[in-house]
Amino acid sequence: MFAKGASGDHVYTHTYPAEKEDFAAKDASKLDTWVFDEVKAFFNSAKENETLRSRLHEDRIVFFLHLLGLDTNGHAHRPMSRDYVDNVRIVDAGIADLISWFDEFYENDGKTAFVFTSDHGMTDWGSHGAGHPSETLTPLVAWGAGVQSAQTVTAQHFDDNFCQEWKLENIRRLDVSQADIAPLMSSLIGVPIPLNSVGILPLQYLNNSNHFKAESMYANAIQILEQFKVKMTQKKETTLTFLFTPFHLLTDSAQVDFMHDANSLIQQERFDEAITLCNNLIVQAMEGLTYYHKYDRFFLGCSVVFGFVGWTSYVILMILKTHTALRKPPVNRDKISSTPLAGAFVSIALLISWFLLVQSSPWTYYIYCLLPVPVWYSVFKEFGTFISLINSVSSYPLSKLIGFVLIFILGIELLVVSFFYRAMLTLGLLVLAGWPLLSELWAQAKMMSFSWIFGCLFLATFPLMPVVGREPNMNLVSCAAVLTLIMSAWFVWKSKSKAPQRWRASQLYVIQMLHLTLCAYVLNNTHSSLRLKQGLPIFNQLVSWTTLASSFVVPLLSSTHLFQRLLSLFLSLVSTYLLLSTGYEALFPLVLSWLMFVWINIEQETIQFKGTSTRLKLSNIDFSENIDISKIRQLKLDDIRRSYFFVFFIVTAFFGTGNIASINSFDPASVYCFLTVFNPFVMGALMMWKILIPFVIVMCTFETIQVATQLSSKSLFLIVLVISDIMALHFFFLVKDYGSWLDIGTSISHYVIVMSMTIFLMFLSVLAQVVTSKRIHLGRKNKLHFT
């Protein structure tokens, strides 16, 4: 990282190969001892190489030593393990040796400063990436040339108990922001503070004169003030003069006054006052940076909201127009002429473009501001549909209308809050469990209602459990494999007894169940081998990768009849999921699949007693058959419930076993059956597939319900899209610092987020259609045929 892009011939690096960073290594502390050994060898070679020796005695030399063994052992064995504690002792001893080598090489000249710190912390279960103090608090220990010695104190107060745990209550602790280490190192070595640093020099760490401290703080203040001035100039150049509102605390005159006063105080040797003045300026400059960083927040926020509302309105109107029995108005009634309307919106687009052009706005602003124009044009074109909607709503009982709106709002709130509090999913599942009791299902299908209630209750326990990876438990994974085999075998036996002709060729499912047993063995054997520090067995690795590859193909070999295809999909997906599991999450797809199976059956019961369409026998449904368009029905209110259930189960699939939107829920142990050498891209891809597996289960269920209820997948997808867009709009207002989301170069645009969500749902929909309806079969001469 340091050598890449460095100007001049002054940065030299020496690293070990990536293969050495192996989580299955017998002793990961060798990553640290390698560094110490190389430093010692480097100094020994410098003693015999006069050119190298002279270069190392030049001024401003930086040694950067990366000690990765602790991090690797923390991930692999947890921070409280013996391996980790032993590694700490090795690093302590290595640092002691390191200091003696420096003192010997530089002949105890006292000109070396040492800064010991870390880039992140770690949880007790060996992960990091979220905002917990154990992940964000890092050590900072500095000593040597220019560094103040430790100060004794009688009392000091902190919100944590680190001082007591470390038995350092009487040693003064000076906490700083991580960004402050950059100006500290710059000051110690005597170089300018990095151009874009937002760190504040921690003067308490410096052992120098007050004059030096005052001059250093003045340089720090000027450096941050320059960033403020550049940001202000950039924003001023891209804003019309009469619209520009400068940051009122740091006007040009205030900046001139500061420089004059600071220089005057330093010349008068009033150093403490100069330092205080510099600190005040730094605080104001940082506030100014934030002000200009969010300058266009309201403008862009309004544009985003306008686009969201327009897009959602258009989708709703399209649903009503093409997929409902909404009474259509006469052709020429309540219709806005398209030519003047198009002209008006073209004029608006040109006006917006001119406004952005004269301000030299970045290209992303054009996307934010122009996308709502065609969207709202499409909305106004459907004015007749809107009038029909108003007429239909006005004839609907007010009490029922208010009730539906309140239920919808509460449902959306539940989904959104569940992104912040997983336990809300438990509440939602408890509410869903009561659905049969509040409808006619309880009287019509008691057994199915019982299954639904118990399925929801079992699934509701998962969001209450700890995040995945905290407590590895291979016994639970084995238990999940056994339960999966029992359920699958029971289902095949039961189905075969009812329809023997359809389940005549059941060898594939038997093979898949045997393969599931092999996967359970491979998982336990792999973790046992790693625990004994014997590495990853090559056979286990081969089986794991073969399982992953075959999971995309094997389901396509099965029959396209509904239950046969879904069972094959379930066994293929669960086999891969087991290999990526470390604990209770292995039970999650099992319980989820059970509930999805009940959902398919219970929707059939709903169709039967509501008479919304001709009831199809589930066992007779063939995914590969062409859908009879004449039997496709229009949307009913019940379909909104089905779409909401789908979105709810998608969110449950995402957060059911932990906050997987956070990096600290990713346990490297999950991929040990596939690889143990650190490879972020491959490991990330495997974890993404683990996340997607529950999604695929839910999506295939939704596809099945769409076929069984004789409804167009497009209509249901549009309802799902409306619910997702409303959730996204709600998020926009919930995010406290949403202005930073809109700044170019710092975050992804909301439109990209919505498009990604749309594309993701479309991808899942297409994937579900492919895996349910396509089939590979052996033809003549053993040629593969893809139907």
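Guide: One term is needed at the start: a residue counts as buried under 20% relative accessible area, as exposed over 50%, and as partly exposed in between. Please also note that this is a predicted model.

Visitor: Is Asp86 buried, partly exposed or exposed?
Guide: Asp86 has a relative accessibility of 32%, so this residue counts as partly exposed.

Visitor: And which residue forms a salt bridge with Asp86?
Guide: The partner is Arg89, and the closest N and O atoms of the two are 3.0 Å apart. Both residues belong to helix H4, where three residues, about one turn of the helix, separate them.

Visitor: Is Arg89 buried or exposed?
Guide: Arg89 is exposed, as its relative accessible area is 53%.

Visitor: How many salt bridges are there by this rule?
Guide: The count is 17. The rule asks for a side-chain nitrogen of Lys or Arg within 4 Å of a carboxyl oxygen of Asp or Glu.

Visitor: What does Glu104 pair with?
Guide: Glu104 forms a salt bridge with Lys47, with 2.9 Å between the closest N and O atoms. This pair links distant parts of the chain, since Glu104 sits in helix H4 (residues 82-105) and Lys47 in helix H1 (residues 30-48), 57 residues apart. Lys47 is partly exposed, at a relative accessible area of 37%.

Visitor: What about Glu382, which residue does its side chain meet?
Guide: The side chain of Glu382 meets that of Lys321 in a salt bridge of 3.3 Å, N to O. Glu382 lies in the loop between helix H14 (372-381) and helix H15 (383-394), while Lys321 lies in helix H11 (residues 297-323), so the pair ties together parts that are 61 residues apart in sequence. Glu382 counts as buried at 10% relative accessibility, whereas Lys321 counts as partly exposed at 36%.

Visitor: Which residues are joined into one network?
Guide: Glu603, Asp638, Asp639, Arg641 and Arg642 are, through salt bridges that share partners.

Visitor: Changing topic: how many disulfides does a search of the whole structure find?
Guide: The search finds zero. A disulfide is a covalent bond between the sulfur atoms of two cysteines.

Visitor: Is Cys673 buried or exposed?
Guide: Cys673 is buried, with a relative accessible area of 0%. Cys278 also counts as buried, at 0% relative accessibility.

Notes. Residues are numbered from 1 along each chain as its sequence is written. This is a predicted model: local features need pLDDT of at least 70, side-chain atom pairs count only at pLDDT 80 or more; totals for chains, interfaces and linings use all residues. Side-chain values use heavy atoms; hydrogens and water are left out. Helices (H or I, at least four residues) and strands (E, at least two) are DSSP runs, numbered from the N terminus. Buried means under 20% relative accessible area, exposed over 50%, partly exposed in between (1.4 Å probe, protein chains only). A disulfide is a pair of cysteine sulfur atoms within 2.5 Å.
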